[in-house]
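User: I am new to reading protein models, and I would like to go through one step by step. Could you take my questions in turn?

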Amino acid sequence: MKVRVDPERCQGHTLCAMRAPKVFELSEIDGHSSPINEEVPDDQQDQVVEAVRSCPERAISVF
Amino acid sequence: MTVSEPHGDDIRKQPRVHFDRHAPEYRDQFEEQTRAFHAGCPLAWSDTYGGHWVAAGNRELLAFARAGQKLSNDHDVNGERRGYQGINIPAPARGKGFRGGFLEMDPPEQRAYRNALNPYLSPAAIARWIPFIDEVARACLDEKIESGRIDFVDDLANIVPAVFTLAMMGVPLKKWELYNEPAHAGVYTPPGSPEMARVVEAHMAMLKDIAATLHEVRAHPRPGLADALARLEIDGKPPSDIDLVGAMALLIGGGFDTTTALTAHALEWLSQHPDERARLVRERDTLLDTATEEFLRYFTPAPGDGRTVAENCEIAGKEFEEGERVWLSWAMANRDPAVFPDPDRVDLERGGNRHTAFGLGIHRCIGSNVARTVFKRMLIQVLDRIPDFVCDAENTVHYETIGVIQGMRHLPATFTPGPRLGPGLEETLASLQQVCDEQGLAEPVTVRKAEAKIR
């Protein structure tokens with residue numbers, strides 16, 4: 001599983017990092033999110049799916 | 001009597017509803033009205049307040065959030081542009097002549113403000129303040145803990161957000177009451193009531209102090225949001241003082257009453273649901289985050305924002321004309337059954353909670369990380385120190401209307417008394433002021449990374 005955050009859509013709600021803190025990192029400046037690695041570790045897939053479902057801006061996609 | 005066929009605007013402005021969120025009955029009828037919106041008209045026209053659209057569905061709000069320049073937040077107070085009325089429907093008489101800071105601006109102006117303030121308000125920036133927030137909450141509880149009685153609004157949830165907001169701004173902490181009165185009473189006092197004159201006077205005193213603060217930080221720079229605003233330049237020019245005062249008033253308004261409202265409602269709910277409270281105490285490490293988001297969804301302290309359509313366009317399948325007003329109901333979207341199964345139930349471990357309590361799009365509440373952190377730190381101390389609190393339903397006072405903030409005036413409670421842990425509020429604020437000054441706590445995270453050290 002790979003994960004992407006659309007930087008145009010992300011507004012820094014931070015819910016993804018609450019659900020999957022090992023996968024998403026937040027900008028120190030404005031809290032906008034990006035994946036630490038595009039490749040999602042096997043043991044983090046459920047958390048990432050929950051992050052996708054929690055994003056208010058629907059900015060996260062997995063493929 | 002003849003009935004003419006609907007034509008033109010009458011056809012376009014469908015379905016029609018009567019929506020008056022400022023009416024006292026809206027509070028009691030909120031769930032019923034919200035269900036009606038979701039059942040048949042997630043985007044409807046209401047003739048109230050000069051006529052405006054009401055968007056209640058999550059999908060519809062997302063479409064508006066992504067509409068970019070088709071929508072405007074502008075409040076053209078001097079009639080220099082297109083006369084738009086900003087984010088309140090109707091525009092309040094009290095704020096005449098003032099733009100509500102960057103929430104009533106569009107990019108690129110709005111972006112310049114956000115870029116200047118974000119490094120003070122990001123998750124990393126706010127995390128540095130946790131020992132400070134804990135110390136204020138500790139002192140608030142110490143004032144009351146030996147008596148076994150507290151008013152969660154007056155004695156805790158009003159104070160901690162107020163003191164912390166002033167600390168971040170670089171305003172002396174001891175001034176919190178000067179700011180608290182207008183920020184809180186200014187929202188719940190009905191226009192035309194006998195108390196209004198006093199509230200207006202308090203509001204003027206606050207604006208005066210904000211203006212004085214701007215002058216002070218220009219003359220003698222000290223870190224904080226006020227300093228960031230005083231140094232702000234847009235296209236090489238400083239904004240007008242009145243716009244800067246508006247921005248500071250926005251930070252006060254956003255920082256004070258909203259977190260108070262969230263905290264009071266959550267504590268009232270936990271008192272009414274002791275089994276859920278016991279579960280939250282037991283499973284705090286795993287439940288605190290999801291419970292916080294669920295309280296945000298369910299209570300949505302800031303229920304919505306207005307926008308103005310900036311060009312003839314189609315959004316969410318409807319045709320809009322330039323100049324039309326739209327009310328984006330974050331509160332109703334948070335009960336959308338298409339996104340939230342069993343939406344009128346509080347589920348402390350709800351998944352997929354893509355709530356809109358902080359808005360959507362580029363105007364996402366800039367203080368969202370403040371709100372979450374302050375709420376969680378207050379809740380933790382209440383659950384740790386007075387876990388058996390019982391709220392006094394008879395003497396609880398909710399806001400009469402919830403058109404601006406779904407808040408509470410009073411939430412008295414009793415509990416088993418406990419021991420104090422430290423000095424009272426006044427002494428604590430004096431020593432915290434020293435800590436702020438010595439450690440430069442109000443610097444942006446780009447300048448200071450270290451966590452506050454208390455004692």
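The questions and answers below go through the chains and then the place where they touch.

User: How many helices and how many strands does chain A have, and in what order do its elements run?

Analyst: This is a predicted model, and its chain A holds two helices and four strands. Read from the N terminus on, the elements of chain A follow the order β-α-β-β-α-β.

User: Why can chain A be called as compact as a globular protein of its length?

Analyst: The C-alpha trace of chain A spans about 30 × 20 × 15 Å along its principal axes, and 40% of its 63 residues count as buried. For 63 residues the globule rule gives 11 Å, and chain A comes close to this, so it is as compact as a globular protein of that length, with a radius of gyration of 10 Å.

User: What radius of gyration does chain B have, and what would a compact globule of 455 residues have?

Analyst: Chain B has 17 helices and 13 strands, and its C-alpha atoms fill a box of roughly 75 × 55 × 45 Å, taken along the principal axes. A compact globule with 455 residues would have a radius of gyration near 23 Å, and the value for chain B agrees with this, being 22 Å.

User: What share of the contacts in chain B with a separation of 6 or more comes from residues 24 or more positions apart?

Analyst: In chain B, buried residues make up 48% of the 455 residues. Among the contacts in chain B with a separation of 6 or more, the share that comes from residues 24 or more positions apart is 73%.

User: In which sense do strands E1 and E2 of chain B pair, and what is the handedness of the crossover between them?

Analyst: Strand E1 (residues 16-17) of chain B and strand E2 (residues 43-46) of chain B pair over two bridges in the parallel sense, and B:Val17 has B:Ser46 in E2(B) as its bridge partner. On the way from E1(B) to E2(B) the chain passes through helix H2 (residues 24-40) of chain B, and this β-α-β crossover is right-handed.

User: Which residue takes a positive phi in the hairpin of E2(B) and E3(B)?

Analyst: E2(B) pairs with strand E3 (residues 52-55) of chain B in the antiparallel sense, over four bridges, and B:Trp45 stands opposite B:Trp53 in E3(B). The hairpin has five residues between the strands, and the residue there with a positive phi, near 55°, is B:Tyr49.

User: Is B:Leu429 buried or exposed?

Analyst: B:Leu429 has its place in helix H17 (residues 425-439) of chain B. Leaving aside neighbours within four places in sequence, B:Leu429 is in contact with B:Val163, B:Leu173 and B:Lys174. A residue counts as buried if 20 or more other C-beta atoms lie within 10 Å of its own, and because B:Leu429 has 23 other C-beta atoms within 10 Å, it is buried.

User: How far apart in space are B:Leu429 and B:Val136?

Analyst: In sequence, B:Leu429 and B:Val136 are 293 residues apart. In space, taken from C-alpha to C-alpha, the distance between B:Leu429 and B:Val136 is 7.4 Å.

User: Which element gives the most to the side of chain A that touches chain B?

Analyst: In all, 19 residues of chain A are in contact with 23 residues of chain B. The elements that give two or more residues to this side of chain A are helix H1 (15-19) and helix H2 (45-54) of chain A. By class, the side of chain A that touches chain B has six nonpolar, seven polar and six charged residues. The element that gives the most to this side, with three residues, is H2(A).

Notes: Residues numbered from 1 in each chain as written. Chains lettered and ligands numbered in written order. Predicted model: local features only at pLDDT ≥ 70, side-chain atom pairs only at ≥ 80, totals over all residues. Contact = placed C-beta atoms within 7 Å. Nonpolar A, V, L, I, M, F, W, Y, C, P; charged D, E, K, R; others polar. Rg over C-alpha atoms; globule rule 2.2 N^0.38 Å. Buried ≥ 20, exposed ≤ 12 C-beta atoms within 10 Å, placed from the backbone. Pairing = 2+ DSSP bridges. Right-handed = clockwise from strand over helix to strand, strands pointing away.
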